[in-house]
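User: I would like a close look at the inside of this protein, with the terms spelled out as they come up.
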Amino acid sequence: MLANLRPTAVSIWAEASKAVKYEVQIRSQNPNSSWRRARGDSSGSGTLDLTGAKFRGVSTLTALLPDTDYEYRLVDKNGRVLSDLHGQSFHTPPADGTAYDFRVAFGSCAGEWGMDPTQPVFTAIDQLKPDCFLWLGDNVYYILPDREWEDPGLMEKRWRRSRSMPSLQSLLAHTAHYAVWDDHDFGPDNSDSTYALRDFSKELFQDYWANPAAGLSEKDGIYFSFTFGRVEFFMLDTRYERTPNLAEESPDKVILSDTQWQWLEDGLKNSKADFKVVASGMQILSDYHRFETWNLFPQQRSRLLNFIREQEVGGVFFVSGDRHIGEALRVAQNNSYDLVEFTSSPLAAGIGEAQPDSQVSQRIAGTLAAVENFGLLDFHFPLPGSPDYSEGPVLTFRLHDVYGKPLGRQVVLRLSELQP
């Protein structure tokens, strides 16, 4: 799996069925390029070491050129090249802050109890060639009858099974993956900081995702940020420090820890990016249904929305999962711009309750998807001299079904609409 793709580096995650070590080789995608051993991180090895107890590991390749196509391959100690079955390649983005058009796919709720257990959705996503994929929680489901979240061995088995899904392999091989969790891949339903195995769950999650450095310390959660061109993504952890949903409302009832709040507020306020994407496992803006949202934590939600308005942070919108439907929401803010949220769920799981547009004033009409789905975000930055340069940067959003067919209405957001 590709992860943490940067202008001059990328991480490659892998899992094996036995102890093995590979040399990682790369070449740029041009006729005159030859294979060479990749330069590695601090060890300088360019090696993917899967000889640990769990046969999992990460290799970070460095000294790459920005905005360049590369191929990569794995070579064992005997010089045998591991077969490339899925297209092992990647394209490094240009330097942060560069005008750069790119595509992001996102979704949540990838269970084994959906419409088709082979999960064709990942093939459909792959065919639309996103530059990165955002996993927004419930990326696996610990099974209820076996209470897998109470047994570390069963939790690990669930992750291994999910990651080896055949339909997923091509998408893993040449698209950069970033992930946060929600309740079902953190622990049991509606789980929070009281979950007994939360530290083991965090360790297991970090074993299976090669995200950028998480949190601000080893005692922290799994939140992180990353940048593509002129877009910065803030990936939130809404579980690790979360107070139980049924706790009495007070300043002590929190979704994010004080440390995560400071990180998020500093990040939003100081970001130089045009668009700032805040990703949450559960919906932030919705207040019309009975399921988990930030609406269960009104002081926490007010803190976030008020901060964006009072600090005049432009370019913010939200993406989320969890709901087992897809939709786009819009909420007006006094003395500021409307806030917009795009939700995609489920990738491969059961469909939830879905009220029609006439009953949901928050929803952008025509965006409801009451089927398995994924979301696409296309960022466009017109260059000087282009016909649309005067219109400025623009984002388009649309949901697609598990075969890639567009669903409902496309939403267009111009950067000029997201300004105080």
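Which residues line the largest cavity?

Analyst: This is a predicted model, in which local features need pLDDT of at least 70 and side-chain atom pairs count only at pLDDT 80 or more, while totals for chains, interfaces and linings use all residues. Residues are numbered from 1 along each chain as its sequence is written, and side-chain values use heavy atoms, with hydrogens and water left out.

The largest cavity is lined by Ala-110, Gln-119, Phe-122, Trp-135, Asn-139, Val-140, Trp-159, Ser-162, Arg-163, Met-165, Leu-168 and Trp-209. A cavity here is a set of points, on a 1 Å grid over the protein atoms alone, where a 1.4 Å probe fits but cannot get out; lining residues have an atom within 4 Å of a point. The volume of the largest cavity is about 70 Å³, where a volume is the space filled by probe spheres set on the points, and points are joined across faces, edges and corners. Helix H2 (residues 152–163) supplies the largest share of this lining, three residues. Helices (H or I, at least four residues) and strands (E, at least two) are DSSP runs, numbered from the N terminus. Sorted by class, the lining holds eight nonpolar, three polar and one charged residues. In this sorting Ala, Val, Leu, Ile, Met, Phe, Trp, Tyr, Cys and Pro are nonpolar, Asp, Glu, Lys and Arg are charged, and the others, Gly among them, are polar.

The count of cavities of 30 Å³ or more comes to two. The second largest cavity holds about 50 Å³ of space. Its lining is made of Ala-110, Gly-111, Glu-112, Trp-113, Val-140, Tyr-141, Ile-143, Arg-158 and Ser-162. By class, that gives five nonpolar, two polar and two charged residues.

Pockets come next. A pocket is an open set of grid points with protein on both sides within 12 Å along at least five of seven lines. The largest pocket has a volume of about 840 Å³. It is lined by 30 residues, and those closest to its centre are Ala-14, Glu-15, Ala-16, Leu-74 and Leu-82. Two or more residues of this lining come from each of strand S2 (9–15), strand S3 (21–28), strand S7 (69–75), H2 and helix H3 (169–174). S2 gives the most, four residues. The lining of the largest pocket divides into 15 nonpolar, six polar and nine charged residues.

The second largest pocket has a volume of about 330 Å³. Of the 16 residues that line it, Ser-89, His-91, Lys-129, Pro-130 and His-174 lie nearest its centre. The elements giving two or more residues to this lining are S7, strand S8 (89–91) and helix H1 (121–127), and the largest share, three residues, belongs to S8. Its classes are six nonpolar, six polar and four charged.

Around such spaces there is packed protein to describe. In soluble globular proteins, nonpolar side chains tend to be buried together. The largest nonpolar core of this model has 121 residues, and Phe-233, Phe-342 and Phe-379 have the most contacts inside it. Strand S10 (residues 132–136) gives the most to this core, five residues. A nonpolar core is a set of buried Ala, Val, Leu, Ile, Met, Phe, Trp, Tyr and Cys residues joined through side-chain atoms within 4.5 Å. Buried means under 20% relative accessible area, exposed over 50%, and partly exposed in between (1.4 Å probe, protein chains only). Contact means heavy atoms within 4.5 Å. Setting aside neighbours within four places in sequence, Phe-342 is in contact with residues including Phe-106, Phe-317, Phe-318, Leu-377, Phe-397 and Leu-413.

Gln-260, Trp-261, Trp-263, Leu-264, Glu-265, Gly-267 and Leu-268 are the buried residues of H6. They pack against strand S12 (224–228), strand S13 (231–235), strand S14 (275–280), helix H7 (298–310) and strand S15 (316–320).

Last comes a point of backbone geometry. Most residues other than glycine have a negative phi, and most peptide bonds are trans. The bond from Ser-345 to Pro-346 is cis, with omega near -5 degrees, and Pro-346 is in the loop between strand S17 (339–343) and strand S18 (373–380).
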